[in-house]
Amino acid sequence: MTTHEDKPLNMPYAWQKRQWQAFEGLLDTWKLPHGVLMSGPSEVGKYHFAMALVARVLCQSPVDGQACSSCKACLLVGAGSHPDFLLLEPESKGKAISVDAVRGLAGFSAGTAMLSGWRVMLINPAEAMTHNAANALLKTLEEPGKATLLILIHHQQGELLATIRSRCQQFLFPAPGLDQAIAWLRDQVETDDYVSLLEAAGGRPLRAARLIGDNSLEQIKQFETMLDNLTQGVLSPVEAAEQWKFVAPTDLIEWMLAAQTKSVSRAVTKKLLPARGHFVFMDQLLFARKLLASKANPNPQLLIEELLSGWRQRESASPK
Ligand SMILES: [Zn+2]
C-alpha cells in the first residue's frame, strides 16, 4: 500500500476517505458552507485533512478531486505563503488565540481574493480561542465575505460556544479502526507490538507514531508501573504527583486516559463488569482535561494529585 507521507499536502489519510468524499460532493455542487467544524480526538489527522482541503479549494487545476501540488497556488500553500489563506494558531502550545487575532481574521475575510477566487481561514484549535475571541468570531460567521471558507478544528477537549457550533456544518473525525491504523503505522514506525502501541496512544495513529518518535513510550510504561504501585499503596498520590511533575499535566492526563481505557476494556474482554468507580474516574479525567484546555487556570500539580487519588479509588467506588 502507498502511504500519504510522500504527498503530505494534497491527500487525506486512508481513514478519511468518507469525509473527503463529502467535501468533494459539496465542492462539485458549489454547496461548500462558509463555516466548517472538524471535530474529533486530537492526533487523528484533522489538521492534515484541513490542509488538504485548503490546497484543494485554492488549487488552480485540481486533478481527480485533489490539489495538483504543482500550480502556483499549491506551491504557495505548501510554502505557507498563499495570500488568500490565513492560519490562526496559538503562539505556543497551551496559549490562547486572542480577540485581536480574530479581529485580524475578520479583516482578512472581508478582503478580496488575490489569486483564485477563494479566501480560506483555518483556526487550529478552535478551543484555544478566548471567550472574547470566540464572540468576535461570531460576526465573521454571521456575515461571511463572498467565497470565503472558515475551517475550525476542534479536538473536543475544551468547550466551544454553542453559537459557533450552530453556525458551522460539523464533520466528525473519529479515530480509525485498528486495522487501518496499524496498516498506516507499519509504514511509519517500527515496533514489535503495534496493538499495545495504539492502545497507549488511545487509538490515535499520529499520536502512536509520535510516541515512538519522541521515545515517550518508555516513559509511559514507567508511568503505568507507578500507577500499579499506587493501586497497591506502595506510593501516595502526593509522592507520585511530585515524582512526575517534570511531565506536562496534559500528557499525564492522556496517559491516565489510555491506562484507564485499557483496564476497562480488559475487564470487558474477561466478561467482568468494571466497578462503577471506573466510569466515575473516566468522567473525572475528561473533566480535568477540559479544565486544563480552558482558561480556568487550575493548579496543575493539585489537579494531578486529585486524579492519582481518583485512580486509587476507582475500585472502591462501586455501589454495594
Ligand atoms: Zn494546484
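This is a predicted model: local features need pLDDT of at least 70, side-chain atom pairs count only at pLDDT 80 or more; totals for chains, interfaces and linings use all residues.
Two strands count as paired if DSSP finds at least two bridges between them.

**Figure 1. Pairing of strands β2 and β3.** Strand β2 (85-88) is joined to strand β3 (residues 119-123) by four bridges. The two strands run parallel. Within this pairing, Phe85 has Val120 of β3 as its bridge partner.

**Figure 2. The open five-stranded sheet.** The five strands follow the order β2-β3-β4-β1-β5, with parallel pairing. The edges are formed by β2 (85-88) and β5 (169-172), each of which pairs on one side only. From one strand to the next, the twist averages 15°. Helix α1 (residues 17-28) lies across β1 (35-39) and β5, and α1 runs at about 150° to β5.

**Figure 3. Strand β1 and its two partners.** Strand β1 is joined to β4 (residues 148-154) by five bridges, and these strands run parallel. With β5, strand β1 pairs over four bridges, again in the parallel sense. Because five of the five residues of β1 are buried, the strand is largely enclosed by the rest of the structure.

**Figure 4. The zinc site.** Four cysteine SG atoms, those of Cys59, Cys68, Cys71 and Cys74, coordinate the zinc ion at 2.3 to 2.4 Å. The angles among the four donor atoms are 106 to 117°, and the site is tetrahedral. For comparison, the ideal angle for four tetrahedral donors is 109.5 degrees. Along the sequence, the donor residues show the spacing C-x8-C-x2-C-x2-C. Cys59 belongs to the loop between α2 (46-58) and α3 (72-79), while Cys74 belongs to helix α3, so this pair ties together parts that are 15 residues apart in sequence.

Figure 5. Ala73, Cys74 and Val77 are buried in α3. Viewed down the axis of α3, the buried residues fall within an arc of 100°, so they line one face of the helix. An α-helix has 3.6 residues a turn, so residues three or four places apart point the same way. The buried residues of α3 pack against α2. Lys72, Leu75 and Ala79 are exposed and are carried on the face of α3 turned away from its buried side. Gly80 follows α3 and has a positive phi, near 75°.

**Figure 6. Gly277 in helix α13.** Gly277 lies in helix α13, which comprises residues 276-293. Gly277 counts as buried, with a relative accessibility of 3%. The view also includes Ala240, which is 37 residues from Gly277 in sequence. In space, the two residues are 21 Å apart, C-alpha to C-alpha.

Terms used
Residues are numbered from 1 along each chain as its sequence is written. Side-chain values use heavy atoms; hydrogens and water are left out. Donors are N, O and S atoms within 2.8 Å of the metal (3.2 Å for Na, K and Ca); water is not among the atoms, so sites may look incomplete. Four donors count as tetrahedral if all angles lie between 85 and 135 degrees; four count as square planar and six as octahedral if opposite donors are over 155 degrees apart and all others between 65 and 115; anything else is irregular. Axes are lines fitted to C-alpha atoms, for helices over the stretch in contact, and angles run from 0 to 180 degrees between N-to-C directions. Contact means heavy atoms within 4.5 Å. Buried means under 20% relative accessible area, exposed over 50%, partly exposed in between (1.4 Å probe, protein chains only). The arc is that of the directions from the helix axis to the C-beta atoms.
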